[in-house]
Amino acid sequence: PLGLISLEKTGIATPTDLAGKHVSIHDDGHEALDTVLHAAGLDRTRVRVSVSGYGMAGLLAGDYDAKQGYLVDELVKLRLEGHAVRALEYRAHGHLAYSQVYFVSERTLATRRAELRRFLAASGEGWRRAAEAPAETAAFIRAKHAPALATDYLEASLRLIVPLLTAEQTTRGAMRRETWAAQAASLARTRPELAARLGPMEAWADFTLAAPAP
């Protein structure tokens with residue numbers, strides 16, 4: 001769900017519209033932005049890039065033209081507040097990457113595979129139930145875990161998250177080797193000094209644990 005958020009009046013609809021614009025990203029967002037710019041054939045020197053923290057106050061104040069954000073979070077909040085904003089979705093412009101990836105140690109992977117499979121199956125079942133009843137799930141989250149968040153925000157966010165879980169395949173939350181390979185290849189083009197440190201994919205990714213879709 002990563003992307004750039006801008007005010008509609010700025011006119012940013014595609015990556016090429018970023019030429020001559022001021023874009024604010026988080027300090028971990030350089031590679032993602034570079035991937036999108038490279039895919040669009042846009043040299044980064046044509047975009048003014050700065051780093052800032054979380055929050056959209058600077059965007060609303062006109063400090064920059066576009067701001068990195070999660071389109072299932074900040075974008076939802078801004079629209080619920082009545083702001084006329086639009087999103088440039090990274091995954092629609094060459095940046096194919098996963099969010100909220102589970103990491104485990106080699107030892108855990110080797111010795112507790114059965115437990116990991118059960119955990120993933122239970123997580124998938126939880127997401128299935130959430131997808132079938134987003135309003136009830138939003139109310140549950142607010143009551144049990146996030147009383148400070150508005151129910152309409154939680155429900156709107158959930159409705160945007162759910163399609164992402166099966167955007168590539170039917171098993172909720174599972175990943176594809178091809179997506180990782182494509183992103184590694186992109187990193188090799190934009191950050192070769194980092195790509196050289198990745199090593200073979202078999203050393204850092206496991207695609208065998210996901211349980212079949214319920």
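Colleague: In what order do the elements of the chain run from the N terminus on?

Modeller: This is a predicted model, and its chain has nine helices and five strands. Reading from the N terminus, the order of the elements is β-β-α-β-α-β-α-β-α-α-α-α-α-α.

Colleague: Thanks! What does the C-alpha trace of the chain span along its principal axes?

Modeller: The chain has 214 residues, of which 32% are buried. Along the principal axes, its C-alpha trace spans about 50 × 45 × 25 Å.

Colleague: Which share of the contacts with a separation of 6 or more comes from residues 24 or more positions apart?

Modeller: Here a contact means heavy atoms within 4.5 Å. Among contacts with a separation of 6 or more, the share from residues 24 or more positions apart is 71%.

Colleague: Now to the charges. How far apart are the mean positions of the positive and negative charges?

Modeller: The chain carries 26 positive and 25 negative charges.

Colleague: How many salt bridges does a search of the whole structure find?

Modeller: Side chains of opposite charge can pair when their charged atoms come close. One such case here is Glu115 with Arg112, at 2.9 Å from N to O. Glu115 is partly exposed at 37% relative accessible area, and Arg112 is partly exposed at 42%. Over the whole structure, the number of salt bridges is 14.

Colleague: Arg113 forms a salt bridge with Asp206; how many residues apart in sequence are the parts this pair ties together?

Modeller: The closest N and O atoms of Arg113 and Asp206 are 3.4 Å apart. Arg113 lies in helix α5 and Asp206 in the segment after α9, so the pair ties together parts of the chain separated in sequence by 93 residues.

Colleague: Which helix holds both Glu132 and Arg128?

Modeller: The side chains of Glu132 and Arg128 meet in a salt bridge, 2.7 Å from N to O. Glu132 is exposed at 58% relative accessibility, whereas Arg128 is partly exposed at 21%. The two residues are four apart, about one turn of the helix, and both lie in α5.

Colleague: Let's turn to the rings. Is the pair of Tyr98 and Trp180 stacked, edge-to-face or tilted?

Modeller: The structure holds three aromatic pairs. For Tyr98 and Trp180 the ring centres are 5.8 Å apart and the planes stand at 45°, so the pair is tilted.

Colleague: Which residues do ring pairs link into a cluster?

Modeller: Tyr98, in the loop between β5 and α4, is 82 residues from Trp180 in helix α8. Tyr98 is partly exposed, at 25% relative accessibility. With one further residue included, the cluster is Tyr98, Trp180 and Trp204.

Colleague: Last one: what is the angle between the planes of Tyr102 and Phe119?

Modeller: Tyr102 is exposed at 55% relative accessibility, and Phe119 is partly exposed at 41%. Their rings form an edge-to-face pair, 5.3 Å centre to centre, and the angle between the planes is 75°.

How values were computed: Residues are numbered from 1 along each chain as its sequence is written. This is a predicted model: local features need pLDDT of at least 70, side-chain atom pairs count only at pLDDT 80 or more; totals for chains, interfaces and linings use all residues. Side-chain values use heavy atoms; hydrogens and water are left out. Buried means under 20% relative accessible area, exposed over 50%, partly exposed in between (1.4 Å probe, protein chains only). Lys and Arg count as positive and Asp and Glu as negative; His and the chain ends are not counted. The place of a charge is taken as NZ of Lys, CZ of Arg, CG of Asp or CD of Glu. A salt bridge is a side-chain nitrogen of Lys or Arg within 4 Å of a carboxyl oxygen of Asp or Glu. Rings of Phe, Tyr and Trp (its six-membered ring) pair if their centres lie within 6.5 Å; planes under 30 degrees apart count as stacked, over 60 as edge-to-face and the rest as tilted.
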